[in-house]
Number of protein chains: 2
Amino acid sequence: MARRTKAEAEETRRGLLDAAERIFHAKGVATTSLEEIAAEAGVTRGAVYWHFANKADLFMALFDDAPLIHDDLLAPLALSEHPDPLALVEELAIGALTLLAGDARRQRIYTILTLCEYRDEFGVVLQRTLETMDRAHAQFASAFAEADRRGILAPSWPHGTAAAAFQWLLHGLIVDWLKFGRRFDLVERGSSVIRAQFQAYRHRCVPAGIPVLAPA
Amino acid sequence: MARRTKAEAEETRRGLLDAAERIFHAKGVATTSLEEIAAEAGVTRGAVYWHFANKADLFMALFDDAPLIHDDLLAPLALSEHPDPLALVEELAIGALTLLAGDARRQRIYTILTLCEYRDEFGVVLQRTLETMDRAHAQFASAFAEADRRGILAPSWPHGTAAAAFQWLLHGLIVDWLKFGRRFDLVERGSSVIRAQFQAYRHRCVPAGIPVLAPA
DNA sequence: TCCGATACATTCACGATTGTATGTATTTTT
DNA sequence: AAAAATACATACAATCGTGAATGTATCGGA
């Protein structure tokens, strides 16, 4: 083989990233060799070492332009000025689940991200994940704080606590779904739990059988 | 070296398991060689291959008698006949967090279990994890169902939904804590979120500012 | 059109691990 | 007390993956 066009070179680079994504997801990052990735992409290891320094570099390049779940959630949240922040976050969360459920690439990326062993050079990705999570938490906490100011959030939920509960719930749900082979309907089960959770966040909850406003 | 007593042999076996636990936790399962484990235990690879068939066998033996979080939670739940199942689960969850926070071995085991790549021969552990999670869910769901029958659970929480939310919340919390280097106080933050969550599960929640029983 | 840079393929040298085979000093058994 | 099994250590062969070095056909620019 010989030199290709810049466009063709970019194709093989993309092909390598796609191949890595599929194989990393199928059999784990640690056990995959660059030879396998090259073969899956229809090239040799020479191409891999041309485009990437090594496996860690290829691994990190995977996430440079990959769609992350928290970004799906946070981008609309940041700019929006909704009258009911709780309803907004609720809808955004369900939207993110729907998006994830229908996008195999997002599923693979997020599975690799949450299920691989972050050590040594790979630790950079862990660091970036942590920063994303922290940004997400700040955003959520601010939304819940705004809901609190507007009297929508139940008094039993400090906004930081509510945000943490929401984030852990969402993450636990997604990890469960991805890790154990998507054995339940993500959108259906996820939605029902999220709906119930946000109903619990609101403070217009009424004890059953007892009239709120007894006749004077 | 030569043959040791049965008791001494059992000691070296334990030593190998302990060494593997520490090194797996420190630098990941995939990147650790049997040589490193043997060295950490003060023996050679010969001892490793005498006691275990290979790395996968050693890996699985790690979890055969290891303390799992769900077992900490479930064992007391199964036999107990508490008048308030919600309070019981709440206390057990906080107790499990406290136990985990004070037990480095549990932390290592659970970190390895949740952060390693389950592939090939290691998949058996994933399968067993899944079964444990399912058993846990059944137990929780039954406790929430009992709470529902006794009128303790809020009507907005179907017991299956409540159980799922609790489990995902708890798992998300623990994974966050372990994965990102225990950067917050597990018991303190975890307790406050769990307390708030269980307060939301109960249906004796009252809208603020409105008297429940207005004077007739 | 010619030349240097590019985009790979091919080859090679090396270390790291693995599994096994063998050696051997004890321990246990008989 | 001799024999057999045990609990390792040591030595060895074979594989696998990496990284770098080298080859080379083509592309883009002067």
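Select B:Ile94 to begin: at 9% relative accessibility this residue counts as buried, the term standing for under 20% relative accessible area, with exposed meaning over 50% and partly exposed what lies in between (1.4 Å probe, protein chains only). B:Ile94 is found in helix H6 (residues 85–101) of chain B, where helices (H or I, at least four residues) and strands (E, at least two) are DSSP runs numbered from the N terminus. Not counting residues up to four places away in sequence, B:Ile94 touches B:Ser191, B:Ile194 and B:Arg195, contact being heavy atoms within 4.5 Å.

The model is predicted, with local features needing pLDDT of at least 70, side-chain atom pairs counting only at pLDDT 80 or more, and totals for chains, interfaces and linings using all residues. Residues are numbered from 1 along each chain as its sequence is written, chains are lettered from A and ligands numbered from 1 in the order in which they are written, and side-chain values use heavy atoms, with hydrogens and water left out.

Next, go to chain A and select A:His70, which is found in helix H5 (residues 69–79) and counts as buried at 7% relative accessibility. Leaving aside neighbours within four places in sequence, display what A:His70 is in contact with, namely A:Tyr110, A:Thr132, A:Met133, A:Ala136 and A:Gln167.

Now show helix H9 (residues 159–179) and helix H10 (residues 186–201) of chain A, whose axes come within 11 Å and cross at roughly 170°; axes are lines fitted to C-alpha atoms, for helices over the stretch in contact, and angles run from 0 to 180 degrees between N-to-C directions. That crossing makes H9(A) roughly antiparallel to H10(A), on a scale in which angles under 35 degrees count as roughly parallel, over 145 as roughly antiparallel, 65 to 115 as roughly perpendicular and the rest as oblique. Among the residues that meet are A:Phe166, A:Leu170 and A:Trp177 in H9(A), and A:Val193, A:Ile194 and A:Tyr201 in H10(A).

In the loop between H9 and H10 of chain A, select A:Arg182, where phi is near 50°, a positive value in a residue other than glycine. A:Arg182 counts as partly exposed at 36% relative accessibility.

Keep H10(A) in view and bring in helix H9 (residues 159–179) of chain B: the two axes come within 10 Å and cross at roughly 90°, and the helices are therefore roughly perpendicular to each other. The contact is made by A:Arg189, A:Ser192, A:Val193, A:Ala196 and A:Gln197 of H10(A) and by B:Thr161, B:Ala164, B:Ala165 and B:Trp168 of H9(B).

Finally, colour chain A by its domain assignment, which gives domain 1 (7–62) and domain 2 (69–201), the bounds coming from an automatic or database domain assignment. Their C-alpha centres lie 30 Å apart, and the contact takes nine residues from domain 1 and 12 residues from domain 2. Between them the two domains of chain A bury about 1100 Å², 74% of it on carbon and sulfur atoms, buried area being the accessible area (1.4 Å probe) that two parts lose on being put together, summed over both. To end, select A:Glu21, A:His25 and A:Phe59, which in domain 1 lose the most area to domain 2 and together account for 51% of what that side buries.
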